[in-house]
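Please read the points below with the model open.

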Amino acid sequence: MADSKGETGFMDIIEPRFTANALTVLKRRYLKRGSEGEVLETPADMLRRVAKHIASADKLYDPKADVSKTAAEFYRLMAGLEFLPNSPTLMNAGRKLGQLAACFVLPIDDSMDSIFEAIKNTALIHKSGGGTGFSFSRIRPRNDVVLSTKGVSSGPLSFMRVFDVATETIKQGGTRRGANMAILRVDHPDIIEFITIKQKENVLTNFNLSVGLTEGFMAAVKENDTYPLINPRTGQEVRRLKARTVFNLIVNMAWASGEPGIIFLDRLDKDNPTPSLGAIESTNPCGELPLLPYESCNLGSINLSLMLTDDGTNIDWDRLGKVTDIAVHFLDNVIDVNRYPLAQIEEITKGNRKIGLGIMGFADLLIRLNIPYDSKQALALAEKIMSFIRRRAFSASATLAEQRGPFPNWEQSIYGGKTKIRNATLTTVAPTGTISIIAGTSSGIEPLFALSYRRHVLNDDELPELHPLFFHIAKERGFYSPDLVQQVAERGGVRGLKQVPEDVQSIYATAHDISPDWHVKMQAAFQKHTDNAVSKTVNFRHDATQEDVKRAYLLAFDLGCKGVTIYRDRSRSRQVLNVGIPSPNLQPEKLLTPRARPQVTAGTTEKVKTGCGNLYITVNRDQYGICEVFTSTGKAGGCPSQSEATARLVSLALRSGVDIRAIISQLKGIRCLSTVSRKNSGKIKVLSCPDAIGKAIEQNFKQQGNSIPSAGAVDTAEDFQIKCPDCGAALEHASGCTTCPACGYSKCG
């Protein structure tokens with residue numbers, strides 16, 4: 001290791017100031033290790049390793065280049081947490097693996113040779129640490145003729161399962177699990193099977209799915225018209241479907257499970273900078289990077305939360321511009337020093353030299369500027385920031401083109417004959433799940449998911465953690481209290497909390513505080529000045545309807561988005577991150593504790609005739625859903641103490657986060673001799689008082705637009721709490737990816 005006077009010349013530069021959580025992530029995922037698993041470098045060493053390796057590319061263009069100076073510049077940027085490259089670059093730069101790209105798109109043609117060549121290449125890419133995107137639209141449909149064997153085709157879905165199994169067996173670069181994106185055109189004959197394949201969970205778990213929608217299809221949806229399904233083998237129409245029926249099916253499936261997402265294919269290809277080289281038909285796993293077959297891209301993000309003037313009242317545009325310049329230089333160098341898994345990938349990547357410069361920390365920036373996320377002011381700032389970054393990145397790329405030449409396919413591009421630029425695309429908004437943890441800031445352009453999290457520390461204890469900016473203002477303005485911490489942990493946010501000032505409630509909005517329309521509007525605002533696409537999750541509360549999802553999809557289309565990913569809270573039996581449930585980490589022991597009963601509830605009372613007489617069942621709701629049950633008996637008597645005990649225990653379970661469907665399943669079907677031996681009358685046919693309570697809760701639950709699974713398929717509260725397989729912390733869901741905020745574990749699909 002060189003000292004401060006050694007060859008690098010930057011060993012004495014500032015030490016990075018990582019949070020404790022960031023250090024945990026770095027140690028688990030990023031730092032170089034020895035043969036016995038021992039950590040061989042510090043976080044600062046890691047950044048020096050990366051800076052030195054990326055800076056070495058300067059020598060390719062100028063043998064006299066001062067590489068030490070460039071390395072110092074790159075190091076300062078990363079150590080100051082103002083910019084970080086994607087995870088593969090941090091992990092692999094200057095190491096034996098050397099694969100620095102985050103994502104790739106592989107072609108799949110309608111032949112066994114092509115399909116299994118793609119599977120082999122996928123394995124090589126995942127092994128090197130990258131994710132893959134595919135379009136399966138060229139594969140002939142199920143039951144179509146196979147001329148070479150006189151048999152029938154099994155269709156694209158069957159081959160997707162093979163890709164899924166291959167992914168499951170390979171761990172990316174020893175540190176990341178494989179991730180895939182599968183896109184199928186909406187006019188493929190197997191589209192209905194594709195849309196509905198994730199009705200059952202644990203199917204294609206290593207894939208994100210998106211339906212490729214065309215402008216023609218969307219026009220047919222709006223006009224309530226039919227559209228054709230086309231056999232890709234023949235190019236001939238095989239039948240027609242009602243566009244609205246298919247669109248509604250996509251909506252219903254996304255409402256139920258978060259998938260499939262939608263991609264507006266024509267918009268991807270409309271912004272293709274090199275149309276003469278082929279059409280864009282797929283994206284990377286999170287959807288923000290439309291790529292040609294065999295293209296790859298390296299990503300990096302600017303930490304907007306640090307781009308403020310000294311007084312914290314405005315954006316430091318001069319600083320943001322300088323960071324953008326250095327980041328473009330850094331990402332262009334990555335292309336040259338990268339070690340590519342396939343020769344075809346190296347050829348087209350270096351031919352187009354696409355980079356994806358994005359941002360993180362947008363939500364934290366808004367908080368520091370006292371701007372609500374769901375406001376016109378925030379939308380205007382989003383457009384202004386991304387427009388500035390795009391213009392400055394273009395200028396930096398043009399400067400590099402003067403020094404190094406434009407990207408080799410420049411003459412065949414939309415830029416040919418105009419300004420020479422070094423990179424065919426420049427800007428992308430990526431999820432930044434793990435690198436935002438390292439930077440200690442909010443993810444991508446997402447709002448805060450919650451203001452309180454539980455953090456796992458190395459001795460397996462759990463500690464409560466408030467968002468640092470909220471903690472600071474709560475202390476500063478005198479409304480901090482242990483009770484506030486408890487309530488924030490239960491609710492996830494502060495909107496509606498009387499002890500929190502209204503202006504603070506407005507600024508500290510969480511994902512579920514913000515209406516889906518504002519999520520879409522924010523995505524569209526950033527998309528206006530983004531070369532590639534924008535990765536964002538449109539979050540819905542659990543009680544959102546299918547019509548709400550449909551409205552968001554149509555709004556995204558109308559506002560110019562290139563795709564949409566939605567997630568309705570608790571729509572999957574295994575929830576990624578829970579809010580509104582008391583956090584066990586706030587207790588001395590890991591026990592469920594019921595949230596406080598609200599002062600005001602609303603509900604319904606139902607009269608049920610049992611074998612012992614009339615039973616009156618009251619089911620009440622608060623802002624999180626059904627929260628309590630009361631019972632009382634009529635004059636005929638019965639067993640009031642047992643009914644009251646049942647109701648009290650059910651109420652405790654409801655306010656402790658136990659899944660309501662599990663409660664219903666346990667109560668329904670209990671029999672009582674005095675009830676089943678007599679004829680029942682009334683709206684609910686019951687077998688006992690507990691059965692009546694279960695059915696009353698079920699009816700109230702269904703009236704809110706919820707569904708109840710069949711017997712034997714009920715999920716428990718534990719099923720809703722997805723735990724990190726590495727450290728046990730709760731996982732977050734954003735942009736189609738599952739990320740652990742505690743240790744950096746990530747998985748897409």
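1. Helices and strands are taken as DSSP runs, of at least four residues for helices (H or I) and at least two for strands (E), and are numbered from the N terminus. On that basis Pro260 falls in the loop between helix H9 (243-257) and strand S12 (261-264). The model is a predicted one. The peptide bond that leads from Glu259 into Pro260 is cis, with omega near 5°, and this is worth a look on the screen.

2. Two loop asparagines have positive phi. For Asn143 the angle is near 70°, a positive value in a residue that is not glycine. Asn143 sits in the loop that joins strand S3 (131-135) to strand S4 (145-146). Is Asn143 buried or exposed? Its relative accessibility is 54%, and the threshold for exposed is over 50%, so Asn143 counts as exposed.

3. Asn370 is the other asparagine to check: its phi is near 60°, again positive in a residue other than glycine. Asn370 belongs to the loop between helix H13 (362-368) and helix H14 (376-404). With a relative accessible area of 55%, Asn370 is exposed.

4. Asp66 lies in the loop between helix H2 (43-55) and helix H3 (67-79). Asp66 has 46% relative accessibility and therefore counts as partly exposed.

5. How many aromatic pairs does the model hold? The count comes to 18 aromatic pairs. One of them joins Phe470 and Phe479, whose ring centres are 6.0 Å apart with 55° between the planes, a tilted arrangement. Phe470 and Phe479 are both buried.

6. Phe470 also pairs with Tyr508, this time edge-to-face, at 5.3 Å centre to centre and 70° between the planes. Phe470 is in helix H16 (residues 468-476), while Tyr508 is in the loop between helix H18 (502-507) and helix H19 (516-527), so the pair ties together parts that lie 38 residues apart in sequence. Tyr508 is buried, as is Phe470.

7. Elsewhere, one aromatic cluster is made up of Phe134, Phe136, Phe163 and Phe207.

8. Two arginines lie over ring faces. Arg568 is placed over the face of Trp255, at 3.8 Å from the ring centre. Arg267 is placed over the face of Phe264, at 5.0 Å from the ring centre.

9. A pair of packed helices is described by the angle between the axes and the distance between them. For helix H22 (residues 660-667) and helix H24 (residues 689-703), the axes come within 8 Å and cross at roughly 145°. The crossing of H22 and H24 is left-handed.

10. Which residues of H22 and H24 meet? From H22 the contact takes in Ile660, Arg661, Ile664 and Leu667; from H24 it takes in Pro690, Asp691, Ile693, Gly694, Ile697, Glu698 and Phe701. By residue class, the contact of H22 with H24 has seven nonpolar, one polar and three charged residues.

Definitions and conventions: Residues numbered from 1 in each chain as written. Predicted model: local features only at pLDDT ≥ 70, side-chain atom pairs only at ≥ 80, totals over all residues. Heavy atoms only, no water. Phe/Tyr/Trp six-rings, centres within 6.5 Å; stacked < 30°, edge-to-face > 60°. Buried < 20%, exposed > 50% of the residue type's maximum accessible area, 1.4 Å probe, protein only. Lys NZ or Arg CZ within 6 Å of the ring centre and 35° of its normal. Axes fitted to C-alpha atoms, helices over the stretch in contact; angles between N-to-C directions. Left-handed = near helix turned anticlockwise from the far one by under 90°. Contact = heavy atoms within 4.5 Å. Nonpolar A, V, L, I, M, F, W, Y, C, P; charged D, E, K, R; others polar.
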